Amino acid sequence: MGVVAGVEAAVKRPLFGCRMCGQCVLHSTGMTCPMTCPKTLRNGPCGGVRADGGCEVKPEMRCVWLKGYDRSQRLPLLPQAWRDGFNHLHPPVDNRLQGSSAWLNLATKRDRERPAGWTADER
Amino acid sequence: MSRLADSLAAGRFAVTAEMPTIDGGGLDEVRLQLEPMRAYLDAANATDNTAAHAHASPLAVAIALRNEGVEPIMQLVCRDRNRLALEADIVGASMHGIENVCCLTGDDVTAGDEPQARRVFDLDAPTLIATARAIADGHYLSGRPVEPAPRLFVGCVENPGSPPYEYRVARAHKKAAAGARFLQLQISFEPARLEAFMAEAVRTGLAERVAILPSITILRSSSALRFMDAHVPGISVPAPVIERIEAGPDQLEACLDLAREQAAHAMSLRGVAGLHFISFRKDAGIAKTCRRLGIPTYAERVEHGYGSPVAV
């Protein structure tokens, strides 16, 4: 892990439980890391959320997406675009970026690379 | 065009059903399971390792259904295969003329009898839908062409009975935006949740973007309801529903009554384009329920027309 990635991990792990996927979408998920969902879902909650808000896989844990949904609505100071981003269709994870710095990938726009056949953004 | 797509495009009330899972018994078992319901179906779902239990694969069952003259809906879940395997199954299915593909996230491995398994979830339901759409547009996710582009009718699932309730329609819109054209709802024993979902679906235009088919479950006994309530995450069964089945002298009959009531309620809601049946019994529960509701067979629906009971 590089220096920047090391610093990023040191900041984001305790704050968000960051898994260093290298393509951060926290801003559009109510500052709740979707990679902490046991299914690593990046496009919203699955149908297994329990009536008490518990996760399908870990019933004692509150569904990550339920938290994200609440926060995306309620967090003060969250720009409106970030709130609206909750409905954005995120492309599949690029698994090659695991462990790299999302900050650097943002700066270099590497995190915006899509597979050539990912046309959902155009639809 | 698949006949399911055709029915829905024509505004004809559609009936789909879950094909029971197949383990042993081969094609004879497929025929046996199909027989009591096939006359009523537009198409049957070939499920993908339901509740994280291994069964005959959806592609194999879909091919068998097609050979039996019943149109398949191949379900695909994201739990067991990565994107390459999912793309391969979609293209492989299209090779056999299978057009209907229903994309789900899938239960977790911990729901099944092999919880030691590695969970995949390389894609999620919305990105799987977008991937199927990409293939229908003539290319894999990589951009590599699939020529000629296969004809696909892509669907999805949503659970009106799972929190955050008020977000479920928005999530279905995301799936519609990704390319889904039909939506089979998760099993529900809470009519009020279905009603709220459908009202929002009509208000926000979801019912025009995707054809919505609520699921109707036909069970054998109250113990199945108790099991679902206790052990299937995302499904709640209100106590009065369980007590009502228990109170009756004949639980099989009481379960049929419940299904008929729930179906009649679903059919009374604006925006409902058809019904999806899930029967957990060997008898002709689906056919009986359709007859009691006055839903004609598929052939009769095509010949004489049968629109949605409520104008959409």
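A: This is a predicted model. Start with a crossing: α9(B) and α10(B) cross in a left-handed way. The contact draws on B:Ser222, B:Leu225 and B:Arg226 from α9(B). From α10(B) come B:Val241, B:Ile242, B:Ile245 and B:Glu246. By class, the residues in this contact of α9(B) with α10(B) are 4 nonpolar, 1 polar and 2 charged.

Now the geometry. Helix α9 of chain B covers residues 222-231, and helix α10 of chain B covers residues 239-247. They pack at an angle of about 160 degrees, and their axes are 9 Å apart. Angles over 145 degrees count as roughly antiparallel, so α9(B) is roughly antiparallel to α10(B).

Chain B has an open sheet of 9 strands, with parallel pairing. The order is β7-β6-β5-β4-β3-β2-β1-β9-β8. β7 (211-213) and β8 (215-218) of chain B are at the edges. Each has a single partner strand, so one side of each lacks a neighbour in the sheet. From one strand to the next, the twist averages 25 degrees.

Look inside the sheet. In chain B, strand β4 (residues 100-104) and strand β5 (residues 153-158) run parallel, joined by 4 bridges. B:Cys102 has B:Gly155 of β5(B) as its bridge partner.

A helix also lies across strands here. Helix α3 (residues 58-67) of chain B lies across β2 (43-46) and β3 (72-77) of chain B. Helix α3 of chain B runs at about 175 degrees to β3(B).

Technical notes: Residues are numbered from 1 along each chain as its sequence is written. Chains are lettered from A and ligands numbered from 1 in the order in which they are written. This is a predicted model: local features need pLDDT of at least 70, side-chain atom pairs count only at pLDDT 80 or more; totals for chains, interfaces and linings use all residues. Two strands pair if DSSP finds at least two bridges between them. Helices (H or I, at least four residues) and strands (E, at least two) are DSSP runs, numbered from the N terminus. Axes are lines fitted to C-alpha atoms, for helices over the stretch in contact, and angles run from 0 to 180 degrees between N-to-C directions. Two residues are in contact if their C-beta atoms, placed from the backbone, lie within 7 Å. Angles under 35 degrees count as roughly parallel, over 145 as roughly antiparallel, 65 to 115 as roughly perpendicular and the rest as oblique. A crossing is left-handed if the near helix is turned anticlockwise from the far one by less than a right angle, and right-handed if clockwise. Ala, Val, Leu, Ile, Met, Phe, Trp, Tyr, Cys and Pro count as nonpolar, Asp, Glu, Lys and Arg as charged, and the others, Gly among them, as polar.
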